[in-house]
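Dear colleague,

I am handing over the structure we spoke about, and below it you will find notes on a few places in it. Please read them with the coordinates open beside you.

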Amino acid sequence: MAGMWDPFTLGRIRLDHRLALAPMTRSRADADGSPNGLMVEYYRQRATLGLLITEGTQPSDDGQGYPYTPGIYTESHIAGWRKIADAVHEAGSHLFIQLMHVGRVAHPDNHPTGAQSVAPSAIAAGHDMFTPTGMQPAPEPRALATGEIPGIEEEFAQAAENAITAGADGVEIHGANGYLPWQFLNASANQRTDQYGGSIENRARFTLETTKLVAQRIGADRTGIRLSPAVSFNGLDEGPGYKDTYRYLLRELDTLGLAYIHLFYFGDDEFLREIRDMLSTPLLLVRAGRDYDSIERDLADDLADLYPIATDAISNPDLVHRLKAGAPLAPGDSSTFYGGDATGYTDYPALDETN
């Protein structure tokens, strides 16, 4: 029976405990997507979490959805991430860069060239996007031609190779939260009639091909993937038949020998137990309404191996120290979560700085 402070081996890395930094968009990169010194400090401060999964990082121009998100496809991007990886490793932690292609969850005003977004089908997300001039509706995307899809998959694989070149320990493919892989997976966003649309097997093809290609390029034990069964987000709703989709997808992913599968899950515990029992791959779990007692209960029930922490890790850079000491946690300021400067980013004090 595992506890929160028990060690765990994940792929090639040894972790001292069962908590991790959850991937969270913070929008503090330079205008060209290059990681900067502010980001170096942000990740260095949170190194005691052991496994740091970064914010979503676009593998190409077309993958960008929001202002000031980082990329991993130019030499400047790689150099910036190398500084982050070096700082994280020096602090004794490990870094997985999350690869995020947003697909239709984009706006031309946020795109480096103002290009139309791409997606499985020409169906708008149906919600507003944050842009430099305020909230605007996400416009209709351009449907990808069948012949373009291998090129998108290659962008993920090259981005993964770039991440390893930058010194990262691995990558996480963002297949959740309404972004491109989930758009392929979801029948309401994917109305294709080729081999990437229609049946569950066809709709899962893009995610599986991309994950296999990344794993071949950098090693399966340096590859993770994030999925979000039963979550409604960014204009997508899983619908009542989502369990069959994930039964197929997860069984196929489990054959690849990945470092981990990361679930952002708001569904019922019965299906979560089914998922856990079908997988031999290590499982990371984010649950709705979770507290630290519930993490201990989930570990005791063997529902997952690691638990990424989001908001508390923003406002408590020394979260591990506070939890072990039974100290109070500092609240976060949601008005500073996205964009800006050091305020609400790297200026939250550690516990010993508040006394």
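**What was found**

Please keep in mind throughout that this is a predicted model.

I begin with E155, which lies in helix α3, the helix that spans residues 149-165. Its relative accessibility is 22%, so E155 counts as partly exposed, given that buried would require a value under 20%.

T57 belongs to strand β4, which covers residues 51-57, and because its relative accessibility is 0%, T57 counts as buried. The side chain of T57 reaches the backbone oxygen of E55 at 3.0 Å, while the residues that T57 touches, not counting those up to four places away in sequence, are P70, G71, I72, W81, I97, Q98, L99 and M100.

The last item concerns a pair of helices, α7 (residues 242-254) and α8 (residues 269-278), whose axes come within 10 Å and cross at roughly 20°; at that angle, α7 is therefore roughly parallel to α8. The crossing of α7 and α8 is right-handed. On the α7 side the contact is made by Y242, K243, Y246, R247, L250, R251 and D254, and on the α8 side by F271, E274, I275 and M278. Sorted by class, the contact of α7 with α8 has six nonpolar and five charged residues, with no polar ones.

Technical notes. Residues numbered from 1 in each chain as written. Predicted model: local features only at pLDDT ≥ 70, side-chain atom pairs only at ≥ 80, totals over all residues. Heavy atoms only, no water. Helix = DSSP H or I, 4+ residues; strand = E, 2+ residues; numbered from the N terminus. Buried < 20%, exposed > 50% of the residue type's maximum accessible area, 1.4 Å probe, protein only. Polar contact = N/O pair within 3.5 Å; in protein donor to acceptor, adjacent residues only side chain to side chain. Contact = heavy atoms within 4.5 Å. Axes fitted to C-alpha atoms, helices over the stretch in contact; angles between N-to-C directions. Parallel < 35°, antiparallel > 145°, perpendicular 65-115°, else oblique. Left-handed = near helix turned anticlockwise from the far one by under 90°. Nonpolar A, V, L, I, M, F, W, Y, C, P; charged D, E, K, R; others polar.
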